[in-house]
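Hi everyone, thanks for making time for this.

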Amino acid sequence: MSTLAHVISAVVAGVVQVGVVCVGGPLLLGLMRKVRSRLEGRTGAPVHQPLLDLRKLFAKQRVSPEQSSWIFPAGPVVLVATAVAVAAISPLATTHPPLGQSSDFFAIVFVLLLGSVFIALGALDTGAPFGGMGSSRAMTIGALAEPALLVAILAMSIPAHTSNLPALVRLGLVHPAVLVSPTRILALGSFLVVILAESGRLPVDNPNTHLELTMIHEAMVLEYAGPDLGLTILGESMRLMLLLGLLVNLLIPWGVANRPGALLFGVGIVVLAAKVAVAGAAIAVFEVFTAKLRLFRLPELLAGGFILAVLGVVTAVVSR
Amino acid sequence: MSAIHAAAQRLLVERPRRAVLELVPEELCDATSVLMAGGFRLMLVSAHNEAGALRVVYLFVDGPPDQRVELHVRVSGDDPRIPSLSHFSFPAGRFEREMRDLFGIEPVGHFQLRPLVLHQHWPEGWHPMRAGSVAPTVMNLDALPFPFAEVEGKGVYEIPVGPVHAGVIEPGHFRFWVVGETIVRMKARLWFTHKGVERLFEGRDLDSAMALAERVSGDTAVGHSLAFCLAVEEALGIVTDDRTGELRAVLVELERLYNHVADVGALCNDSGFALANAHALTLRERLLRLNERVTGHRLLRGGLTFGGAALRSLPGPIELREIGEQFHELVALANANSIVMDRFTGTGILSTAAARDIGVLGVVARASGLELDARVSNPFVDLPETFRPSRHDTGDVLARFQVRCDEVDSSLDLLANYASREGALEVRESEPRALSTGHGSGIVEGWRGTIVHRVEFDLDGALSRAKIVDPSFHGWPALPVALADTIVPDFPLVNKSFNLSYAGNDL
């Protein structure tokens, strides 16, 4: 195949991945809510309810607090933009995404976190007390979660001699033995704790609460309404899908297309959707049986994540 | 020794069921100190505005056996002043602030003279409960700042919350001063739903007054209407038989049951454990349907009549046992969840000393080690020998959770006991009326705590004054005390464990 064909197929793959994450994120949210509802003995809203909510929100008028500056509307936009960028270049359905060479694990994760920073800034920008409270809590959790994430990525990249994400996924396809190595398992365990913390799920944050004083993420987006709120929900759900997608592809890479081709890519999309759905449902089941930790207990949980990651590095160095 | 001192001393020796002492303002402190030293608690203060003059009634209660002493104090109408009892009892100080706002009676020597009921936009010197008082035409600006004491220091910041909240709850404004996440000080501002309920009772015919009493606080229909009913019966000399008491006790315990089950679920929900709440809501629905079969109304309205009670059916032993089993499953779920237990344990501690000083009642008092239960101290029906009020000593959220769990069990036992007794489902007033005094009080241990109503009738037999005291009135000042050194995200949990009424407090 010519270089041009390669470029075109990579770009198409990127665009399709973005589309899948845009639709899949809200559906994932709906699925997780549905699973929780059913397990709690309720009927629950249909799985596509978040998509209907988004349609409603995007049709509304835009409202901003009087005192806020350009930061406030910029927050949700940056959140979605970073999610879109990451969705395009991540090895979700294929190990040959566009700009695959620059799809570095460190870079990708921290581009995603840029969205969090902007949401926190947007919350501070309103001057409302809850925004500041939510931002302060979210940044505290972030400061504890991110070191764990950094070390986890380091652990995974030691055996692969690279932190390039498509290469890490490809390594699992070519040498399945790395998948059951203690390094990979410990690092992914740490990654999972960070995902729960960063996406505001139990036991870190309760996404369903109406108690404004306990909120973390919800407190930050309390002032958003209409299309801005829609973007926030879309961005957050895309981020959850991306993080879960990366997690499952690093854990069980089979199904990800390792060669170019429309059919393999199509299969990759379907398998990705299935894997993410199972992972999301598993988190929802976990959430039913757990509760929200006391805020001052969170450092213990996140320190646990950090220790897992450190142990991952140790095993990687020892087994070299 | 003054005459009033001797009269009060004599009451402590003779211990009559009911007594009234007429006195002048100068004698009030003397009489109060004797009664309080003798174990009486001040449960209600009611001001009355009659032609030209004002009168204040202090209701002191002790038990068991049930004893009530009323001090009636006449106050001049032109310059109404009474000596303050705020240094004897904290609740007295709050009753006096309420009276000062609504009647303009000045408590002399009060240590905390600031408005309680009326917000800052009402004009100065306007007292809505004074005879002939009309609604003011000019209001102060609504936008005047709330006068809160400032807390200063390095890193202290303020979080204002409410009166409009993110969830569907009643209005209250809370202001927190916080360092990091730790609460340094918290103040609650209430009376956003003050609607003049007591005034609405005046001159009302008794049946519609009963309907109004059922609506004082929506979740306490039986508690408030029964306290009102007992007060009216005492005032009019209506005598009731034992069967009436049993039927009424069934209603009180059914109300306790559905509210405690909902609270146990809500406490779990507020710590993020929605599964237990889902089970609790299922059980609550079952109880509401049971309520409907018993009274024809899901919130137990319409089961009481003056001099009797009218039920449609009684809960059966099998159903009560099933409810108990369902509840135990739910509690086992919560107890097995270490995160939930960690959130409850040691959170929002109200010490026994603080609980006693502030004068809290009901669930909150029993969770802080106080043995206060009007079912024992001021009963309207004979209790089974085996009944013991629940008591826990730690005063934290866990203790308040456990008191509720215990009381669900004891309510089920009481229900099984009363429902198994032989008798009619409906009792109408049949006994001859006794000599009427024209005033009376009713005390009921509602699910939150002790509810006290006091009514007066004028010479024409019309209802001239009704005074209501919901246990929430005594509970709200304890909330900030329990919050000292608690972290902000635990506030909703502590608040829910108190679960005080806004409507019952604001009236």
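Let me start with a question: in which loop of chain B is Trp191(B) found? Trp191(B) sits in the loop between strand E9 (182-189) and helix H4 (197-201) of chain B. Before I go further, please keep in mind that this is a predicted model.

I picked Trp191(B) for its backbone. Most residues other than glycine have a negative phi, and most peptide bonds are trans. Trp191(B) has a phi near 65 degrees, a positive value in a residue that is not glycine. Leu300(B) is also not a glycine, and its phi is positive at about 65 degrees. You'll find Leu300(B) in the loop between H8 and strand E10 (304-305) of chain B.

Are these two residues buried or exposed? Trp191(B) has 19 other C-beta atoms within 10 Å, so it is partly exposed. Leu300(B) has 26 C-beta neighbours inside 10 Å and therefore counts as buried.

On to the cis peptide bonds. In chain B, one joins Pro64(B) and Pro65(B), with omega at about -5 degrees. Pro65(B) belongs to the loop between strand E3 (54-62) and strand E4 (67-75) of chain B. In chain A, the bond from Leu202(A) to Pro203(A) is cis, with omega near 0 degrees.

Let's stay with Leu202(A) for a moment. Leu202(A) is in the loop between helix H7 (182-198) and helix H8 (217-220) of chain A, and Pro203(A) is in the loop between H7 and H8 of chain A as well. Leu202(A) has 24 other C-beta atoms within 10 Å, so it is buried. What does Leu202(A) touch, not counting residues up to four places away in sequence? The answer is Glu287(A), Thr290(A), Ala291(A), Lys292(A) and, over in the other chain, Gly272(B). Phe289(A) is 87 residues from Leu202(A) along the chain, yet their C-alpha atoms are separated by 9.8 Å.

That brings us to where the chains meet. Chain B gives 26 residues to the contact and chain A gives 23. On the side of chain B that touches chain A, the elements giving two or more residues are strand E7 (156-161), helix H8 (274-295), helix H10 (338-344) and helix H17 (491-498). That side of chain B consists of 15 nonpolar, six polar and five charged residues.

Now some helix packing in chain A. Helix H3 (residues 71-89) and helix H9 (residues 226-251) pack with their axes 8 Å apart, at an angle of about 30 degrees. H3(A) and H9(A) are therefore roughly parallel to each other, and their crossing is left-handed. Among the contact residues are Val80(A) and Ala83(A) of H3(A), along with Gly235(A) and Leu242(A) of H9(A). By type, the contact comprises twelve nonpolar, two polar and two charged residues.

How does H9(A) lie against helix H10 (residues 262-289) of chain A? Their axes come within 9 Å and cross at roughly 105 degrees, which means that H9(A) is roughly perpendicular to H10(A). Here Met241(A), Leu244(A), Gly245(A), Leu247(A) and Val248(A) of H9(A) meet Leu272(A), Lys275(A), Val276(A), Ala279(A) and Gly280(A) of H10(A).

Finally, the core. The largest nonpolar core has 236 residues, and Ala148(A), Ala152(A), Leu242(A), Val56(B) and Val261(B) touch the most other members.

Methods: Residues are numbered from 1 along each chain as its sequence is written. Chains are lettered from A and ligands numbered from 1 in the order in which they are written. This is a predicted model: local features need pLDDT of at least 70, side-chain atom pairs count only at pLDDT 80 or more; totals for chains, interfaces and linings use all residues. Axes are lines fitted to C-alpha atoms, for helices over the stretch in contact, and angles run from 0 to 180 degrees between N-to-C directions. Helices (H or I, at least four residues) and strands (E, at least two) are DSSP runs, numbered from the N terminus. Angles under 35 degrees count as roughly parallel, over 145 as roughly antiparallel, 65 to 115 as roughly perpendicular and the rest as oblique. A crossing is left-handed if the near helix is turned anticlockwise from the far one by less than a right angle, and right-handed if clockwise. Two residues are in contact if their C-beta atoms, placed from the backbone, lie within 7 Å. Ala, Val, Leu, Ile, Met, Phe, Trp, Tyr, Cys and Pro count as nonpolar, Asp, Glu, Lys and Arg as charged, and the others, Gly among them, as polar. A nonpolar core is a set of buried Ala, Val, Leu, Ile, Met, Phe, Trp, Tyr and Cys residues joined through C-beta atoms within 7 Å. A residue is buried if 20 or more other C-beta atoms lie within 10 Å of its own, exposed if 12 or fewer, and partly exposed in between; C-beta atoms are placed from the backbone.
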